[in-house]
Amino acid sequence: MPITTYGQNDWEIIIPLATTNMVSDPSLEIDTTGWLASGGATTIARSSLFQYFGVYSLQVNVDSNTTAGTRYGDISLTSGITYTASVFFKGALAIPYRLFIANTSNAAVSSIVTFTGTGQWQRLEVAYTETSSTTRRVFVTKNTSADVTAFYVDGLQVEAQSEASTYCDG
């Protein structure tokens, strides 16, 4: 997290840098606007079963399609700026998943971050430097053909900096 520190002798004040979350309703307290299912017969819904922030998270019900998951977008990005997308994620134990930023044809433009579900909430992030002023999407999908239970996302944050800062709600 980017911080500024001011200190003297044996004390120090740590001040997180201000950020703006480019995602409206990132903790899904209002609705699922901006979110869509992707890959196969996947469905999405707001759920109060598990949440990291607030009362709701996004429940993503997946089928056997290898890339079944969800996407958020479209987010307008500016050429030459580095952006970081981060999300809180709760997936099935030992199941492989992935996070990436894509174009409007749903092809990855960022690196694809692969990770394994732990059954607990995890914060994941991916950075991307935009090469043209355009719109992008953030994808969270599984990376296996196994039928698994639903996974959950909460607190999606997209910000114009090279690493994720402390979560902010909009």
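Strands here are DSSP runs of E, at least two residues long, numbered from the N terminus.

**Entry 1, the whole chain.** I opened the model, which is a predicted one. I went through the elements from the N terminus on and noted β-β-β-β-β-β-β-β-β-β-β-β for the protein chain. The count I wrote down is 12 strands and zero helices. I then looked up burial: of the 170 residues, 42% count as buried. The protein chain exposes about 8,000 Å², and carbon and sulfur atoms supply 50% of that area. Among contacts with a separation of 6 or more, 72% are between residues 24 or more positions apart.

**Entry 2, a sheet.** I traced an open sheet of five strands in the order β4-β5-β12-β7-β10, and its pairing is antiparallel. Its edge strands are β4 and β10 (121-129), each of which pairs on one side only. From one strand to the next, the twist averages 30°. I looked at one pair inside this sheet: β7 (residues 82-90) and β12 (residues 151-159) run antiparallel and are joined by six bridges. For Phe89 I noted Val153 as the bridge partner in β12.

I picked Ser47, which lies in strand β4 (residues 43-47). Is Ser47 buried or exposed? Ser47 counts as buried because its relative accessible area is 6%, and the cut-off for buried is under 20%. I listed what Ser47 touches, leaving out residues up to four places away in sequence: Val55, Tyr56, Ser57, Gln59 and Tyr152. I also followed the side chain of Ser47 to the backbone nitrogen of Leu49, which it reaches at 3.0 Å.

Conventions: Residues numbered from 1 in each chain as written. Predicted model: local features only at pLDDT ≥ 70, side-chain atom pairs only at ≥ 80, totals over all residues. Heavy atoms only, no water. Helix = DSSP H or I, 4+ residues; strand = E, 2+ residues; numbered from the N terminus. Buried < 20%, exposed > 50% of the residue type's maximum accessible area, 1.4 Å probe, protein only. Polar contact = N/O pair within 3.5 Å; in protein donor to acceptor, adjacent residues only side chain to side chain. Contact = heavy atoms within 4.5 Å. Areas by Shrake-Rupley, 256 points an atom, 1.4 Å probe, with all protein chains shown as cover. Pairing = 2+ DSSP bridges. Axes fitted to C-alpha atoms, helices over the stretch in contact; angles between N-to-C directions.
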